[in-house]
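Subject: Structure handover

Hello,

Here is the structure we talked about handing over.

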Amino acid sequence: MTSPQHIDPSQISEQATIKVPNWKSDAKPFVQIENITKKFDDFTAVDNISLDIYKNELFCLLGGSGSGKSTLLRMLAGFEAPTSGRILIDGVDMAGIQPWNRPVNMMFQSYALFPHLTVAENVAFGLKREGVRGAEVKKRVAEMLDLVQLGHLGKRKPNQLSGGQRQRVALARSLIKRPKLLLLDEPLGALDKKLREETQFELINIQDELGVTFVVVTHDQEEAMTLASRIGVMNHGVIVQTDEPQDVYEYPNSRFVAEFIGSVNLFEGQVTVDEPDTVCVTSPEAGAELCVNHGISCAPNQDVHVAVRPEKIRVTENRPDQKYNCVQGTILDIAYMGSLSVFKVKLASGKEVRVTQPNTNRESGGRFTWDDNVYLSWDMDSCVVLTS
Amino acid sequence: MSTSKIAWINDSYGKMTKYNFFSRVNWGRFSVVSVPYLWLAIFFFIPFVVVFKISLSEAAIAVPPYTPILDWNLEEAYVTLKLSLSNYLFLLEDDFYLSAYLSSIKVAAISTFFTLLVAFPIAYLMARSEGSMRALLLALVILPFWTSFLLRVYAWMGLLKKNGLINETLMSMGLIDQPLIMMQTDFAVYIGIVYTYLPFMVLPLYSALEKMDMTLLEAAEDLGARPYQSFFLITLPLAMPGVIAGCLLVFIPAVGEFVIPALLGGSDTLMIGRVLWDEFFLNRDWPMASAVAVVMLIILVLPIMLIRNSQGKEGAV
């Protein structure tokens, strides 16, 4: 999550192409969600969503509770029927197709392992329903258990496994039928932090190896950032932004996205300069002119917000030699967190700014202390203007 | 020096264990637990021993109407212990008793099966319902207990008899010309038993189904199981403890059922409870009746112990 300072935009796209498999070259989307709406009585859980997901993608639906992300996933699995709109998977309209007939498998948040069956029987369940019998079942179950590194635990019952092992069984069970599309509902939610980190890289490896399209639902932005090739940020039943993880983080398109993913400082102000490659905003809150090196489309004198991530701000004792993006304040609070320190700086306007500084050497934690007068500055390409 | 230290530790250890032994007898807990066991001992075990004793004696025209097992005469200085197995031998020899046992087991098994069929959907619906609806359904299942069991059986007589409600309704609708003969048949006995014992089947099934995680069914469907497959592969196995408990709760009392076959059944409805009654009160052959009761208990207890044993082994794996 901690991204380096001063990212060159060209570098971003280069990194993105390394991380993302070549789904972009596939012209035809694999999953087409067209104007899907789902209402429960008066409550609209999913509000007119259209979304394309491409083959071999690891698409992440990110949102808080009640944002409609789980409902959307359940409609893909066939457990809920959309109120209106349609879903196509591999070009086939899924309307009226029951869950047991869909080329889709799901890994449940609670794992939903069958408690009366052994690990091997749990994994074999889907195969047997397909009519696969005998040695073929044994062979494929053994292969799948090896893939998730549980080959030695086939005879155990689910209640004899640890949380991480159950998660792997659930994954193996949902992959055994070689689904075209795998849905994962908060796949790492029930694991502790260390296990999550190990498991999320394994998930990516497995997805790479099998070439399955993954759709992951999560409320955890960190999980979304590491797993996803693309993230769809959801709020109140609507997808607010769909982009690659770095773009969602570096170029949020709204205050909601900026605040939901990572932490951010927002300065309210009015646009004074509006050119194709430069926008300047006068912000009484910041007490300075803030400039951004990307164009926006907005009316003159419109109220906008300038968003700066805490790690992109420099803290200095003396005023740096720059006319814009430089504010003055006093240190209100310091939190030393080992790899970095977090400063809360109070500006003259009363606005509190959050800044993180990497502790690049042993002494840098003690550079500043409470009530120090400091200057905060950042580059034009370190901040974005948000019009909504 | 070191040896003396060890001796000291050993010594204190010995004292400690003695001290713990006395303090570990938790008298409060002991008295609470002992009350139900005492109850069972006085009102179940001792009467059973008495019945078992009577079954080993012989019928006599006396008060009580059987010969004593243990007899002594101090003047002539003799003690006799006379255990008679003739009642048990007679049980084996006479086809009447065997067919009564078999018929009781058959009636109980068929009734248990139909009770299960009726109770499962009720329990399933209850387990799926939300809050107040669930409470209402539960109340409806328990409601019959508020009326006397005998009254409810008499109500069934009113429904089933020749000019009863069912026949009258069907005749007035023109569906039948002749009244259906339902009273004094095995059919009426089945109806009576299924109706009476339904709550004993519903409640254990409900408690087993209620614990089940509904996402398991979604997971099964997601993996390609049709709803009927999900039922037989997931719901039923997970409800098995409830099915076994419910079936035992219905089957055991149904085998020895007396009132329902006596009131609803015909003269050809042969059940061991009735045989028992006849031996006691018509023939006044207490030893024979006792032997019938003891054999019935053995027939019922053995399969239960086998089931419990197999369940215990499964749980240990």
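First, the ground rules. This is a predicted model, in which local features need pLDDT of at least 70, side-chain atom pairs count only at pLDDT 80 or more, and totals for chains, interfaces and linings use all residues. Residues are numbered from 1 along each chain as its sequence is written, while chains are lettered from A and ligands numbered from 1 in the order in which they are written.

**Chain B**

Chain B holds 13 helices and 2 strands. Helices (H or I, at least four residues) and strands (E, at least two) are DSSP runs, numbered from the N terminus. The radius of gyration of chain B is 28 Å, whereas a compact globule of 317 residues would be near 20 Å. That radius is taken over C-alpha atoms, and the globule rule is 2.2 Å times the number of residues to the power 0.38. The C-alpha trace of chain B spans about 105 × 80 × 35 Å along its principal axes.

Of its 317 residues, 24% count as buried (20 or more other C-beta atoms within 10 Å of the residue's own, with C-beta atoms placed from the backbone). Now take contacts in chain B between residues at least 6 apart in sequence: 68% of them join residues at least 24 apart. A contact means that two C-beta atoms, placed from the backbone, lie within 7 Å.

**Chain A: the sheet of 4 strands**

This open sheet has the order E2-E1-E4-E5, with antiparallel pairing. Two strands pair if DSSP finds at least two bridges between them. Strand E2 (43–53) and strand E5 (92–93) of chain A are the edges, each pairing on one side only.

Strand E1 (residues 31–40) of chain A runs antiparallel to E2(A), and 7 bridges join them. A:Ile36 has A:Ile49 as its bridge partner in E2(A). A:Ile33 has A:Leu51.

Strand E11 (residues 265–275) and strand E12 (residues 278–283) of chain A are antiparallel and joined by 5 bridges. One bridge partner in E12(A) is A:Thr278, which faces A:Glu275.

**Chain A: two helices**

The axes of helix H3 (residues 119–129) and helix H5 (residues 163–175) of chain A come within 7 Å and cross at roughly 25 degrees. H3(A) is therefore roughly parallel to H5(A) (angles under 35 degrees count as such). Axes are lines fitted to C-alpha atoms, for helices over the stretch in contact, and angles run from 0 to 180 degrees between N-to-C directions.

Which residues meet? From H3(A), A:Val119, A:Asn122, A:Val123, A:Phe125 and A:Gly126 meet A:Val169, A:Ala172 and A:Arg173 in H5(A).

**Between the chains**

The contact takes 16 residues from chain A and 15 residues from chain B. On the chain A side, strand E6 (104–107) and H3 each supply at least two residues. H3(A) gives the most to that side, with 3 residues.

Best wishes

Notes. A residue is buried if 20 or more other C-beta atoms lie within 10 Å of its own, exposed if 12 or fewer, and partly exposed in between; C-beta atoms are placed from the backbone. Angles under 35 degrees count as roughly parallel, over 145 as roughly antiparallel, 65 to 115 as roughly perpendicular and the rest as oblique.
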